[in-house]
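Colleague: Before I rely on any of the labels attached to this model, I would like to hear how each of them was reached.

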2 protein chains.
Amino acid sequence: MGVTPKFVYLFREGSSKMRDLLGGKGAGLAEMTRLGLPVPPGFTITTAACNHFSSRGRFPPGLTSQIAAALKRVEAQSKRRLGDPKNPLLVSVRSGAKFSMPGMMDTVLNIGLNDEVVEVLARSSGNERFVWDAYRRLLQMFGRIVRDIDPHRFEAVLDRWKAKTAGGKDTDLTAHDLRAIVGEFKGVFEDERKEFPQEPREQLIEAIKAVFESWNGKRAVDYRNFHKIPHDLGTAANVQTMVFGNLGDDSGTGVVFTRDPATGEKGLYGEYLANAQGEDVVAGIRTPLKVGQLRERTPKIYRQLDAFAKKLERHYRDLQDIEFTVEAGKLWILQTRSGKRTARAAVKVAVDMADEKMIPRDEAVRRVEPAHVIQLLMPRFDEAAKAAAHRDGRYLAKGLNASPGAATGTVVFDPDEAQRMGRDEKKPVILVRVETSPDDVHGMLWSKGILTTRGGATSHASVVARGLGLPCIVGAESIRVDYADASFSAGEVIVRRGDAISIDGTTGEVFVGRIPTIDPDFKGEKELLTILSWADGVRRLEVWANADYPRDARRAREFGAQGVGLCRTEHMFFEEDRLPIVQRMILAGTERERQEALDKLLPIQRGDFAGIFEAMGGLPVVIRLIDPPLHEFLPKYEDLLVEATELRIAGKDPERLAEVERLLKAVAAMREQNPMLGLRGCRLGIMFPGVTEMQVRAIFEAAADLKRAGESPHPEIMIPLVGHVNELRVERESLERVAKQVMTEKGVKVDYKFGTMIEVPRGALTAGEIAKYAEFFSFGTNDLTQMTFGYSRDDAEGKFLMAYVERGILPVNPFQVLDRAGVGELMRVAVERGRKTRPDLKVGICGEHGGDPESIAFCHEIGLKYVSCSPFRVPVARIAAAHAALRAKAGPKGTD
Amino acid sequence: MGVTPKFVYLFREGSSKMRDLLGGKGAGLAEMTRLGLPVPPGFTITTAACNHFSSRGRFPPGLTSQIAAALKRVEAQSKRRLGDPKNPLLVSVRSGAKFSMPGMMDTVLNIGLNDEVVEVLARSSGNERFVWDAYRRLLQMFGRIVRDIDPHRFEAVLDRWKAKTAGGKDTDLTAHDLRAIVGEFKGVFEDERKEFPQEPREQLIEAIKAVFESWNGKRAVDYRNFHKIPHDLGTAANVQTMVFGNLGDDSGTGVVFTRDPATGEKGLYGEYLANAQGEDVVAGIRTPLKVGQLRERTPKIYRQLDAFAKKLERHYRDLQDIEFTVEAGKLWILQTRSGKRTARAAVKVAVDMADEKMIPRDEAVRRVEPAHVIQLLMPRFDEAAKAAAHRDGRYLAKGLNASPGAATGTVVFDPDEAQRMGRDEKKPVILVRVETSPDDVHGMLWSKGILTTRGGATSHASVVARGLGLPCIVGAESIRVDYADASFSAGEVIVRRGDAISIDGTTGEVFVGRIPTIDPDFKGEKELLTILSWADGVRRLEVWANADYPRDARRAREFGAQGVGLCRTEHMFFEEDRLPIVQRMILAGTERERQEALDKLLPIQRGDFAGIFEAMGGLPVVIRLIDPPLHEFLPKYEDLLVEATELRIAGKDPERLAEVERLLKAVAAMREQNPMLGLRGCRLGIMFPGVTEMQVRAIFEAAADLKRAGESPHPEIMIPLVGHVNELRVERESLERVAKQVMTEKGVKVDYKFGTMIEVPRGALTAGEIAKYAEFFSFGTNDLTQMTFGYSRDDAEGKFLMAYVERGILPVNPFQVLDRAGVGELMRVAVERGRKTRPDLKVGICGEHGGDPESIAFCHEIGLKYVSCSPFRVPVARIAAAHAALRAKAGPKGTD
């Protein structure tokens, strides 16, 4: 047998580097102790001890005596002794794992009290009520946490006693009442045949064991599963001397941030409640002071607090969230941690700290999450209007803030109706459901926001809404939905189908009526612009945008796009004034009719392209030739079928019937079983060269005209859906011929490239061949994901994909976050093989993943040149690309 | 400068090993010379000389003098001299490449004749007519081949002269006529401003150059492209002493096979025409003698011929096709080559030669092509009935035999009608078209055979028909189709839509009326059974069969299947008596209704499985759980839509309307945009576990009952469409639970396996993960091809795939021949990764490619354990698997 390992560390023996062993809380207490801050003395029992306990069901040998030894040191330091009725030491026991797990934290306070100590202390302390209250809290916590007694049993006793008082609140209970309550609490223990140990050391050991056990409790396991925290880390247990903020008016407790967590403004920000314990602050019984007011009341304490806060912020180089207690005029610091903050504060704090030289700019960039950028660019409520809604009593309920952003709209309960109103009537609707299921997705797609009364952060509604970028609140449990009545109630208020509500997905608040939303002002976000410019200096990936119209291209450039990575030419075909011409082209009976229609489309497309080239100045514009199957441009088969049947029966309009039947026949001939895998992409261009030739002519005529006018357009022609090198070869050969012809006609040379989308698995696998004819690749990861998984997105998301994600069959929706193992491998292979054939091959991505931070990181890893995303996502992508570069620089360890 | 290479080889200097240099014909002549056969002396100019000529446009240095030297040797041997009027040597010049290229072979005969030689020879030979005829042939061939004069110009002269004779035939022309014709032929040369050289040596050199030039002629290039022969091989030119079979009654010419090429029976088989040249045999002017009759007429010649034939067959160890000429009582052998033979002969010859120890059994196996096996197992015409049809004048025309097999059916010209009659009315139809296009495929699918009047072996009709295994004749140019009249004419005969015709795709013959077809008798094919048993001894790949019903399983076993590789359970659901129950199950409003329907299906499925297990004895049976989307089992949406519209307008049957609308709603909810990529495969099992659990219960109840009855069933449960390991994990866990429960209930252990199809690209890429939960993989290459290429087969084949193949964008239809570069790579990766995780992983293939010889070879190469194909393909696969093993044994060189 070797030496017994060290399982117990006094706070002064540890440091912030020992998170693995001491947990986050223990390491923090140790670090603060080392910094010389007034931390109530105590010690930490390591995660290693916990893991031993978890696997063997008992303490490791030597732990009990190590605890006893540490306790003796703490007793010496505080000059009190556990269980000594004259001068008793009271301690708390708290869990604390390596990563913060808010749902799990178990705490037992006031250990050390027992019948004897309480009696003596009640007499000697001069604060009998405080002592009995402390004992009743110990009994209550010990019962719940250590003995697993239903907490309602204790609350029921308390409620009964409170009901007897005048005020009906905790504070209205007298020492006498509390003493009686203690008696009844003991009765609960007996009733449950569970023991409350009178021996303080036994209380301590039992509490430590309970903390260890909580590591494998259901709540904790679920939390770790969701946050992907390994189950074998274990939790530490912290034993710390109690300090009391409720010993009188020179006592109190508070929370302070080193900067404003909402705005990021510098200066202490927080609250202080005199003569109170932490719990009381949470209970909101009395209105706390702003921390600024403390300065006037007790300047010394304030000065101390300010100095400690500055010290901690400088030490941790981040905004700190500090808990403190004043016990009879003495300031104790109980905890510090990185403060949670809004997106706005995150950006401002990062920029300010970099300007203050507290952190390097790289670190400032690293601290602004893509989610922060998303949030700053989301519509939000006008703050004044929201405050007014609160004042007017229009606040209804609060739920879990499952997906950020503000939305206001008409209440709808039925997803079909949501779809109808949202899609067909273009009305903003908020879909309200008890919970959602795959059957509701078609309605969610057309809603402005989602509100459910059940479910948590991983519920179907949450997952879908985050995916769609829709504001969403889930688990608003105070709301009762009555589908039959098409209404919901929140307290007294009843909201009916058709009424307006407003939801703030960022905070979880629900209001009745409309609250005006404010669109983000990108150019006004000075700190964001600063961070983005720093990010631009860090990243290697370029960020381009998908833009089909000049207005999109202009917006993309404002947001910092360095090119257009995808201009979908067919979207132009769908516009109202063009569709009839497109239909004439498709249905043409003769070559001449077809050519006439194409001749009409040519100047229109030329104008489209000219607009985009102009908007992008000299930046590259990747134009994808027509992609969707032609039947998408025709009336729907089913509609024609019904009309034909009706006309046939009515027998009144033979001309229209003939026309409809002609159309029906044409559409029937073009219909496909699986249009996603049918006659589309380059297959169209090969089978019906007229359209793509017209498109290429339009592109080059527009570019040549601009070139002659002194501009420098850079068209890059992208041929979609290539799976075999020969497809690209024949398309490129015939189209480049058109391009050269136009340039000869116009007497001007345009810089251009020909390339292809890689969106078919075979295209990726044979990229080495394909690169012979492609000057660039652009990954179409939407289609590539569809084909690699064999999922039709239209069908899958509604019918099974969400269920897969909910059930953990898939970790995420692969249409949102790029699947590294499957789709990603094909991309990696394509990049390698393509570059082997053509070392200067330009490779980018233009699928939706181009705007997803995790996917952008992957694109960086495999060495793409650019990501292209929707214009609004460009700033997000700029940050994400910088993060990817920083992570790569940090090396394989990553930055935690 | 080094030594001039040797460009000219006398026949006696070469051998059969020098095919690269001397071409097939030259090497053959050399080999026969070496064997001591009476070959007219001559020499060969090498392919190297041709290649020099092709690239530089002139003979290599030294060639002319090498030709002169060789010619001198030949003159010495034959004791004649080129251009010597007294004793002139006449020679032929023939092309001859390494690989036989029938379309290309250019020949100039009778070189050495000129005005002077002819005059002298006509007088001295005593056969004036023969001499003038020879001269006119030289002029005609030289004009066409060397001088590129339109051959019709010569034919027109000949026709005019023939018309003047009594008989109107070649043979009716007198010496006088021929002399006049020679004069007119010279006029044609003058008219065309082209020279006919009187100098024999110049004739010779020009003819050699023309042969070299023909290598790059359009016909030759097309032929090589189609047969994938490299363009840089070049052709040799053979210069050979002329011998004449038309010098009188002791002369003649013939062709003889060493065995009957139709049946494979031993003994000389062939034809002999006295006093004739080879051309005359082809022209069919006189009926030739059977070679047997020669025995009686000139026993000495016959004995010589028989001895030479035996010698050649023994030497080449294959059935020989020998050309010979008797010149004034002396036998000359002009050519020998492997004889073309029918499938039946190929099999019999291979078996006989192995039995005669002429070749080893491996070689016998190698000589039987999968196509031979296909042909022997195709329906064919009753020979007597076909002969009767010939006698009755029902023979109509001959076209190109594009796809083998016999078919008889009703003539249809419109593909829509073919589809309607074939699919809906189940009538056998023959689709007759001028040519076919992708628009016709839907009709071809439902026809029994295809006949076109245009197109060749690579035409759309040929490609599609071979793919579908349909008898097909193309390019029947003597037939005129009149679509407007819905009829076709062949000579005097007019065949109308609705009339019956019969086509023999193996021979290219078209008949009017029905000819009874004979189904093949596998068990009666003794030699085939022998070859297959030898093949079984050679191959490593097992051959399994796809069988959905007990009758299929029994047939598969008869054909030699070693297991069932794919039993599609859903086909059972489509049977008439079951479909209503399946529909009730799908449309069930409550869990109870659904369960009731499932309970009804259980015993039915159990019976299905029991039948298959019994049929297969102890062999493994891989059962794939339900795969297609559920809406496939419901009425079609469009049909319901029309019915609902009609009922709504009629307003008479509100009950039926309500019913139809209910169905319509249910079907609408289940419809998918791309059902191939929707809710099917394991996704169904995960979302609606009831069906798959019922199926697994049925499988294990059936197996357990049989096991208790002393049988040893081996079910292998196959989960389809797995793309992520978790899909397989959850499915397997829940289904294996059912399996174990059934075995517990029945108190018996069944040997079983759980595995998966690999048919989604992601499944292949992540096979290492998937193998953790799979005991076997089976490649579903139909779906894998669909997803890897992004082709929906239903849409692609009709709309663009055939056009791709015709235009050479794809080398073959990847649904017929496995695509090695894309789909194949995914398979290779899956095998490697799967076996890395689970070294004893059993891997097979059950897509249609499992019956395609080229694809089978690939499966052998990547180390699969078995291929599974349709029962009829099992014998083909057995041979193909043996070939793959032999090829692998022969090493990377292959076997030519």
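The conversation below takes the labels one at a time.

Colleague: What kind of model is this, and how are the residues and chains named?

Modeller: This is a predicted model, in which local features need pLDDT of at least 70 and side-chain atom pairs count only at pLDDT 80 or more, while totals for chains, interfaces and linings use all residues. Residues are numbered from 1 along each chain as its sequence is written, chains are lettered from A and ligands numbered from 1 in the order in which they are written, and side-chain values use heavy atoms, with hydrogens and water left out.

Colleague: What makes C567(A) a buried residue?

Modeller: Buried means under 20% relative accessible area, exposed over 50%, and partly exposed in between, using a 1.4 Å probe and protein chains only. C567(A) has 0% relative accessibility, and therefore counts as buried.

Colleague: Why are the buried residues of α21(A) said to line one face of the helix?

Modeller: Helices are DSSP runs of H or I with at least four residues, strands are runs of E with at least two, and both are numbered from the N terminus. Helix α21 of chain A covers residues 550-558, and its buried residues are D552(A), A553(A) and A556(A). Seen down the axis of α21(A), these buried residues fall within an arc of 100 degrees, so they line one face of the helix; the arc is that of the directions from the helix axis to the C-beta atoms. As a general point, an α-helix has 3.6 residues a turn, so residues three or four places apart point the same way.

Colleague: What does that face of α21(A) pack against?

Modeller: The buried residues of α21(A) pack against β24 (542-546), β25 (564-568) and α24 (591-616) of chain A, where contact means heavy atoms within 4.5 Å. After the helix comes G560(A), whose phi is positive, near 105 degrees.

Colleague: Why is V812(B) called partly exposed?

Modeller: V812(B) is at 31% relative accessibility, and so it counts as partly exposed. V812(B) sits in the loop between α33 (793-806) and α34 (820-837) of chain B, and, leaving aside neighbours within four places in sequence, it is in contact with V805(B) and V817(B).

Colleague: Is T781(B) buried or exposed, and what does it touch?

Modeller: T781(B), in helix α32 (residues 781-789) of chain B, is buried, with a relative accessible area of 0%. Not counting residues up to four places away in sequence, T781(B) touches L818(B), M827(B), I845(B), G847(B), E848(B) and H849(B).

Colleague: How do you know which residues line the second largest pocket?

Modeller: On a 1 Å grid over the protein atoms alone, a pocket is an open set of points with protein on both sides within 12 Å along at least five of seven lines, and lining residues have an atom within 4 Å of a point. The second largest pocket is lined by 32 residues, of which R80(B), T241(B), M242(B), F244(B) and E327(B) lie nearest its centre. α5(B) gives the most to this lining, with 3 residues.

Technical notes
1 Å grid on protein atoms, 1.4 Å probe; cavity = no way out; pocket = protein on both sides within 12 Å on 5 of 7 lines; lining within 4 Å.
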